[in-house]
Amino acid sequence: MRQEKRPTKDELAAAYNRAIPDVIAHGLRVLFCGINPGLYSGATGLHFARPGNRFWPALYAGGFTPRLLHPSEEMELPALGLGITNLVARTTARADELTPEELREGGRLLRKKVAEYRPAWLAVVGITAYRAAFGRPKAAVGRQDERMGETNIWVLPNPSGLNAHWTPTTLAAEFRRLRLATDISGIRDSSDNIGTER
């Protein structure tokens, strides 16, 4: 496991309201969309960078990557047909610091981004944010009925370690469901160690 210097308390405080560049390219198979970057990500400039965030392990366990990637390897994703963006660009300590207006505006900007880059699938990572951003109060995790142009939409659970409703096993299973739905040839099949219970 790689050991890296963690941001200091001052560096984390200075990371408020920063933005992190998207990892994006035209014609991706899946564009993952987080809610917004946390302070740890803002301080490091990397998506889903906080230790304990389960995005990268779920991506691997779901069969999207050939090995467990470290956040510092995020630029390897486009070659795998994957990318990362956020509903709201600015960093905060907690997602609940975002206003409903910010989420709705983020949804509008995301539609424009999807129209420009045209990924086959958009995977929004966080059901509560998806409901708020797109006015879908009854949306559930999984494939959505609506599309953005030709782009299919899937909503995934928030991979934050604070989201105790989803275990690493059930989170990985949901990522695997998405991978199977997107018809990405499995880099590895981890079905033997992923449960489907919630």
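**Close-up views of a predicted model**

View 1. S3 (residues 121-125) and S5 (residues 151-156) run parallel, joined by five bridges. Two strands count as paired if DSSP finds at least two bridges between them. Strands (E, at least two residues) and helices (H or I, at least four) are DSSP runs, numbered from the N terminus. This is a predicted model: local features need pLDDT of at least 70, side-chain atom pairs count only at pLDDT 80 or more, and totals for chains, interfaces and linings use all residues. Residues are numbered from 1 along each chain as its sequence is written, and side-chain values use heavy atoms, leaving out hydrogens and water.

**View 2. Five strands form an open sheet in the order S2-S1-S3-S5-S4.** Pairing is mixed. The edge strands are S2 (82-86) and S4 (142-148), and each pairs on one side only.

**View 3. Helix H6 (residues 168-181) lies across S1, S3, S4 and S5.** H6 runs at about 170 degrees to S5. Such angles run from 0 to 180 degrees between N-to-C directions, with axes fitted to C-alpha atoms, for helices over the stretch in contact (heavy atoms within 4.5 Å). At 1.5 Å a residue, the 14 residues of H6 should span 20 Å, and its end C-alpha atoms are 20 Å apart, which agrees. That expected span is 1.5 Å times one less than the number of residues.

**View 4. The buried residues of H6 include Leu171, Phe175 and Leu178.** Buried means under 20% relative accessible area (1.4 Å probe, protein chains only). Their cover includes S1, helix H3 (55-61), S3, S4 and S5. Just after H6, Asp183 takes a positive phi of about 65 degrees.

Notes. Buried means under 20% relative accessible area, exposed over 50%, partly exposed in between (1.4 Å probe, protein chains only).
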